[in-house]
Amino acid sequence: MKISVEEAIEIVESVTQEGGLSKVQEIVFRQCWEGCSYQEIARKSGYQLGYIRDVGHKLWQSLSKAFGQKITKTNFQRAIKQYQITALSPKNELQTTPTSASNVPPVQLSTVSQKQDWQEKIDVSMFFGRTTELSNLEQWIISDRCRVISLYGMPGIGKTLLAAFCAEQMQYKFEYLIWRNVRNAQPIRELLTEIVLFLSQRQVGELPQTTDDLISCLMKYLREHRCLLILDNYESILQSGGKAGRYRDTYEGYGQLLRQVADESHQSCLLLTTREMPIGLTVKEGDQLPVRSLQLSGLSSEPAYEILRTKGLVFNNEEAQGLVTRYSGNPLALKIVAVAIQSLYKQDISKFLSQGRIVFGEIWDLLEQQFNRLSNREKQVMLWLTSYQEDTSLLKLDENNLPGLSTRVVLEALQSLQMRSFIENNSLRFTQPNMILEYIKEVTHYKSESSILKFATISSELSQLPILTKNQG
């Protein structure tokens with residue numbers, strides 16, 4: 001549902017007790033509605049940037065009190081839209097034009113009986129950007145009634161936060177909401193038993209004992225009720241060291257669950273967050289099909305700047321953009337490096353960037369963990385890509401230039417690396433995100449003892465691979 005800024009202001013002024021918006025508040029509200037940053041608002045209005053930020057902060061506080069939920073510059077549009085939907089719903093018996101905060105129907109009111117089971121509650125108060133991604137998810141989940149949606153991308157890119165924010169925004173469209181984190185690789189029968197018991201309100205009688213029967217029982221509830229089921233960190237039940245997307249031994253039941261939820265008719269939605277795509281799901285995807293996937297890339301400039309500000313950094317746009325570019329807008333990496341810049345470089349971003357090293361500490365550990373999931377052939381192709389970073393094109397794969405592997409094997413490795421979000425395919429040209437490229441270069445060239453030992457291990461592993469000829473491939 002689209003809503004104009006004039007309608008939004010009318011709603012805001014109807015629910016606040018402070019005589020509506022002041023002149024400056026209205027300026028901030030209108031321009032934030034149009035997507036302007038505080039810096040842009042200050043430049044256009046002639047007010048000091050600090051004053052505009054202070055006005056904005058107090059405005060969101062006031063709206064949080066009026067609407068009965070946390071309102072920020074990032075989520076205020078969605079909150080007002082949800083308020084309008086709730087207030088005008090024919091099922092809502094409360095007033096649709098309240099005059100005081102005491103009788104404001106909360107934005108979070110539902111028109112259905114809510115039953116929720118959050119295994120863990122993610123704090124989404126510091127959610128920035130992702131308006132396009134949220135719009136896509138809303139379209140897919142609410143309008144298109146997709147049955148399975150996967151959010152995938154490299155570590156730290158914000159998959160869990162986006163899924164949690166999305167779930168909070170859309171929770172009142174569902175009768176049941178269930179959030180499960182599978183990072184500890186919970187056996188499938190335990191997971192299914194928990195979910196079935198919750199959906200049945202523990203009145204299911206004797207529970208099925210086999211995976212097949214438990215999935216069939218779950219499917220019955222997914223048909224009868226509108227449910228949102230989120231499985232976070234799905235890569236935890238996938239194999240390391242082989243092709244991407246293969247299930248660990250004894251965890252194939254998760255694949256069976258995905259297949260049935262994707263294939264069978266029902267009114268619910270299963271949302272996954274994962275660092276790599278599970279095998280068998282991509283063939284079921286399509287723009288007109290009930291299975292979709294969304295690969296997350298880095299944040300754009302302004303949301304990334306907001307993250308740096310929340311970490312206490314002071315900067316100009318040129319400095320901040322240099323930092324955002326080097327880390328490809330990865331939210332977690334920006335948070336980690338902001339702390340390092342404060343403690344080691346006294347908030348001087350330029351000095352930090354001038355020293356040249358961007359992958360270290362927790363960022364190094366994060367990439368090392370992910371790199372270790374690759375097969376030997378994938379590692380070999382990654383090293384090869386680093387050497388030919390500027391001209392590796394799918395249209396120009398030449399047997400004479402490949403890393404001792406046939407075209408078939410290289411294509412399989414490239415496809416697997418894409419599923420693991422290690423490479424990007426831009427107009428048939430393969431590239432690596434900046435952090436991954438820097439990590440590979442560090443592993444292969446930085447002359448610390450640990451790096452030399454690490455690369456020696458990798459080289460030793462790769463030397464054991466058979467060199468495939470064109471006929472063999």
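Select L137 first. In this predicted model, L137 touches I142, I149, L151, L162, C166, M170 and L294, leaving aside residues up to four places away in sequence.

Now widen the selection to the core around it. L137 belongs to the largest nonpolar core, which has 76 residues. Together with L323, Y327, I363 and M382, L137 touches the most other members. Next, pick residues 159–170. This is helix α7, which gives the most to this core, with 7 residues. Then move to I178, V182, L191 and V261. They are among the 42 residues of another core, which lies apart from the 76-residue one.

Go on to a helix pair. Select residues 23–33 for α2 and residues 49–67 for α4. Two packed helices are described by the angle between their axes and the distance between the axes. Here the angle is about 85° and the axes are 10 Å apart. That angle makes α2 roughly perpendicular to α4.

Show the side chains at this contact. From α2, display V24, Q25, V28, F29 and C32. From α4, display Y51, I52, V55, G56, L59, W60 and L63, which those α2 residues meet. Colour by class: the contact has 10 nonpolar residues, 2 polar ones and no charged ones.

Last, colour by pLDDT. The chain mean is 81, and 82% of its residues reach 70 or more. Select residues 89–113, where pLDDT stays under 50. The model has 43 contacts beyond four places in sequence for this stretch. Residues 447–456 are also below 50, with 13 contacts beyond near neighbours in sequence. Where pLDDT is low, the predicted coordinates should not be read in detail.

Terms used: Residues numbered from 1 in each chain as written. Predicted model: local features only at pLDDT ≥ 70, side-chain atom pairs only at ≥ 80, totals over all residues. Heavy atoms only, no water. Axes fitted to C-alpha atoms, helices over the stretch in contact; angles between N-to-C directions. Helix = DSSP H or I, 4+ residues; strand = E, 2+ residues; numbered from the N terminus. Parallel < 35°, antiparallel > 145°, perpendicular 65-115°, else oblique. Contact = heavy atoms within 4.5 Å. Nonpolar A, V, L, I, M, F, W, Y, C, P; charged D, E, K, R; others polar. Core = buried A, V, L, I, M, F, W, Y, C linked by side-chain atoms within 4.5 Å. Buried < 20%, exposed > 50% of the residue type's maximum accessible area, 1.4 Å probe, protein only. pLDDT = per-residue confidence, 0-100.
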